[in-house]
Amino acid sequence: MVRYGELSTKGHNKKNFIGRLGTNVRKALHDFTDVKVHANQDRMHVILNGADSEAVMKRLKQVFGIQTFSPVLKVDKNFGAVCEAAKTLIEKQVSQPVTFKVETKRSDHNFEMGTFEMNRQLGGYLLEQFPDLLTVDVHNPAIEIRVEIRGNGIYLMSEIIKGAGGLPVGTAGKGMMMLSGGIDSPVAAYLALKRGVSLEMVHFYSPPYTSEQALAKAKELTGKLARYAGSIRFIQVPFTEIQETVKEKVPEGYLMTVQRRFMLRLAVELANRRKGLAIFNGESLGQVASQTMESMRAIEAVTNLPVLRPVLSYDKTEIIKIAEDIDTYNLSILPYEDCCTVFTPPSPKTKPNLEKATKYEGWLDVDGLMERALKGVKIEEIHADQEFLNQNEDVFAELL
């Protein structure tokens, strides 16, 4: 039984959110062919039909829009069946003395037993069955046996498992994520997905200055994030000519600013072509030279499309913690440099002047460089946990 949490506040749009969540859950469980998903207004029911419950629950934990869920036993509407199901729940969970209580909800008021009577009789039955393990505590029990009496049967549960929370992916529109190979942008992507954004990853690569391993790392990071979306499109944009031209013709202090203005222009053009509504990136205010407010203003001036920064106010420790939790950190720290790292000048401007940045770009064939880069774009669909790196275990051992 899946509980919706935040979705329950969506008013007239609730049906659309629940419908999207149902689609996302079916996608996440697509390889469990016997599992059936029923997304109702108050709860979602995932019928296992013999599927591995632990494997199904592992997938459910990664679906945004689920607040909590519980393994449930459904039985016929008679007290004997309820007793047997409750006994099964206790046998599965309890191996040493614990406190417990029974809590009943009855939406079917035609059922002959009221909530108080169900609590009393079922609690007494369990005490008789497990006299050495169970003690009643109605205020702060270690285990709560929940009984829901509904029109189509009686449901019993004793665990509440925390879900991923947030909103179903796809309910907040599409965005383009500027994905590097570092720690921050995968975390920003995760947070955007959590708010219901359907993301496409835009990755800039500059062969021969960046390696095939760097490109593979970015794809594999996308595979980690695809756990939360089923699959994600990965868009690789050739950036070598632009970086070489900027390095040759633009003063060193403005190399980074002009490069990033090009990146943003390209991401915006891809968004326009692919019906994206915003650009997302992994910038954290003040973390590096390009992430001062002055730099952000100078770079963002090339577009009026929203540029959203999910980790803007996070410090590095907080970002690393999330990266570890979502299993992207160990990949992100692999020593395969992306184009942002390779072409970073030794002394970039932390407070670039917008007029100067515009002036230096006037020395370049901006339209021609953009057009040629866009002609070389490649798009690939990446699925959950898809692997691209031939990872050397010794490299991981040294880094970890």
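These exercises walk through a predicted protein model, each with a worked solution.

Residue numbers start at 1 along each chain as its sequence is written, and side-chain values use heavy atoms, with hydrogens and water left out. Because the model is predicted, local features need pLDDT of at least 70 and side-chain atom pairs count only at pLDDT 80 or more, while totals for chains, interfaces and linings use all residues.

**Exercise 1. The overall picture**

Task: Describe the protein by its secondary structure, box, burial, surface and charges.

Solution: 
- Step 1. Begin with the elements: there are 15 helices and 16 strands. Helices (H or I, at least four residues) and strands (E, at least two) are DSSP runs, numbered from the N terminus.
- Step 2. Taken along the principal axes, the C-alpha atoms fill a box of roughly 85 × 50 × 40 Å.
- Step 3. Of the 400 residues, 50% count as buried. Buried means under 20% relative accessible area, exposed over 50%, and partly exposed in between (1.4 Å probe, protein chains only).
- Step 4. The accessible surface is about 19,300 Å², and 48% of that belongs to carbon and sulfur atoms. Areas come from the Shrake-Rupley method with a 1.4 Å probe; for residues, only the protein chains shown count as cover.
- Step 5. For the charges, the mean positions of the 50 positive and 50 negative ones are 7 Å apart. Lys and Arg count as positive and Asp and Glu as negative, with His and the chain ends not counted; each charge is placed at NZ of Lys, CZ of Arg, CG of Asp or CD of Glu.
- Step 6. Now turn to contacts (heavy atoms within 4.5 Å). Among those with a separation of 6 or more, 79% join residues 24 or more positions apart.

**Exercise 2. Helix α6 and its surroundings**

Task: Is α6 mostly covered or mostly open, and what do its buried residues pack against?

Solution: 
- Step 1. Check the geometry: the 14 residues of α6 reach 20 Å from first C-alpha to last, close to the expected 20 Å. The expected span is 1.5 Å times one less than the number of residues.
- Step 2. The helix is mostly covered, with 12 of its 14 residues buried. Lys 217, Lys 219 and Glu 220 are among the buried ones.
- Step 3. These buried residues pack against α5 (184-194), β12, β13, α11 (329-332) and β16 (378-383).
- Step 4. Take Thr 222 of α6 as an example: it is buried, at 0% relative accessible area. Beyond residues up to four places away in sequence, Thr 222 touches Leu 179, Met 201, Ile 232, Phe 234 and Ile 382.
- Step 5. Look from the strand side: Gln 236 sits in β13 and is buried at 7%. With the residues up to four places away again not counted, Gln 236 has Leu 215 and Lys 219 among its contacts.

**Exercise 3. Backbone exceptions**

Task: Where are the cis peptide bond and the positive phi values?

Solution: 
- Step 1. Recall the background: most residues other than glycine have a negative phi, and most peptide bonds are trans.
- Step 2. The bond from Pro 207 to Pro 208 is cis, with omega near 5 degrees. Pro 208 belongs to the loop between β12 and α6.
- Step 3. Asn 49 has phi near 50 degrees. Asn 49 lies in the loop between β3 (44-47) and α2 (53-60) and is partly exposed at 46%.
- Step 4. Asp 327 has phi near 70 degrees. Asp 327 is in the loop between α10 (316-325) and α11, partly exposed at 30%.
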